[in-house]
Amino acid sequence: MERYEIRVKYDEINRLAEQKRYEEAMQIANTVDWDRAKNVNMLCVAGEVFERCGYFEDSKAIYLRAYQFQPKSRIIVYRLAELSIKLGDYEDSIHYYKSYEEIAPQDANLYVLRYKIYQARGAANEILIRILQELKDVDYHERWAYELAKLYAESGLIDMCVAECDEINLWFGNGKYVCKALQLKKRYQALTREQQKKLDDFTAARQPNRAAETIADGERARRLWKEKTDEFVSLRDELEGQEESRGSDASVQSEQHRQERPRTDKQEHMERARKEALEEAQKARAAQLLQEAAEEARREANRQE
């Protein structure tokens with residue numbers, strides 16, 4: 001019966017994930033004990049859902065569970081490398097990079113992982129440029145070509161930046177990164193008439209989607225703010241309860257002694273939770289303002305129609 005229930009939940013999680021409704025999928029995923037799951041496909045879908053929602057530690061734990069069953073899977077090892085980078089665990093990221101290299105020594109994604117590791121560790125632009133140039137020789141991909149163009153611009157190599165943007169436009173024709181490349185080129189050199197029209201058409205077509213993405217970002221920011229605030233309040237109440245339970249023992253301590261007493265791990269945790277709650281509150285407010293601006297832009301577009 002339990003396996004049947006997990007299968008039903010997985011089917012729903014998978015359906016929502018395919019529709020990019022990751023927040024809803026995660027709500028269902030939170031009701032499953034993934035430590036008992038053995039189906040690798042289920043684990044990978046759940047890992048992706050948690051990653052998409054920003055829960056990198058949870059995602060990594062689920063992918064590690066999948067890794068136990070398929071340690072030679074390209075997808076699983078690649079995801080573990082990426083998640084380790086996002087979590088700042090560079091030793092793990094290098095470990096999984098080397099594992100990926102053993103599994104797929106000719107795969108272009110090796111350059112991508114190498115780039116992400118060096119970038120996360122603050123490598124100089126010249127090193128990052130060299131990696132992406134090597135990737136370009138193996139597999140010319142619009143996302144990383146655009147990243148290369150940006151690095152050229154940041155390094156003052158404007159002619160190379162413009163040439164790369166033109167090449168992206170020529171090779172890929174249209175799409176998000178083509179238009180990003182045209183926007184980048186426009187900072188340094190006038191676009192051709194054809195390029196400007198392509199950029200204008202893309203911007204007009206993306207307007208409704210941008211509003212929807214902004215609203216989704218606002219909802220996510222408010223949810224995280226509430227979670228961090230709840231965590232802080234819970235820790236504060238627990239610590240206050242512990243102080244009250246000490247009774248008269250605490251009252252006989254001098255003020256100086258109380259100030260000198262080292263802070264406990266729980267107090268440190270509470271302080272971190274307080275700071276995180278404040279940060280998320282600021283993000284939620286910024287997201288709300290962006291959402292209001294997006295809704296106003298959408299209403300204005302509707303009025304013009």
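The model is predicted, so to speak of local features a pLDDT of at least 70 is needed, and side-chain atom pairs count only at pLDDT 80 or more, while totals for chains, interfaces and linings use all residues. Residues are numbered from 1 along each chain as its sequence is written, and side-chain values use heavy atoms, with hydrogens and water left out.

**Overall fold**
- The protein chain has 15 helices and zero strands (DSSP runs, numbered from the N terminus: helices are H or I of at least four residues, strands E of at least two).
- Of its 305 residues, 34% are buried (under 20% relative accessible area, 1.4 Å probe, protein chains only).

**Helix α2**
- In helix α2 (residues 22-29), the buried residues are Y22, A25, M26 and A29.
- These residues sit on the same side of α2 because they cover an arc of only 100° around the axis (taken from the directions from the helix axis to the C-beta atoms).
- An α-helix has 3.6 residues a turn, so residues three or four places apart point the same way.

**The cavity**
- The structure holds one cavity of 30 Å³ or more (a set of points on a 1 Å grid over the protein atoms alone, where a 1.4 Å probe fits but cannot get out; lining residues have an atom within 4 Å of a point).
- The largest cavity contains about 40 Å³ of space (the volume filled by probe spheres set on the points, which are joined across faces, edges and corners).
- Its lining includes L132, K136, Y140, W144 and L148.
- Helices α8 (125-138) and α9 (142-154) each supply at least two residues of that lining.

Methods:
Buried means under 20% relative accessible area, exposed over 50%, partly exposed in between (1.4 Å probe, protein chains only). On a 1 Å grid over the protein atoms alone, a cavity is a set of points where a 1.4 Å probe fits but cannot get out, and a pocket is an open set with protein on both sides within 12 Å along at least five of seven lines; lining residues have an atom within 4 Å of a point.
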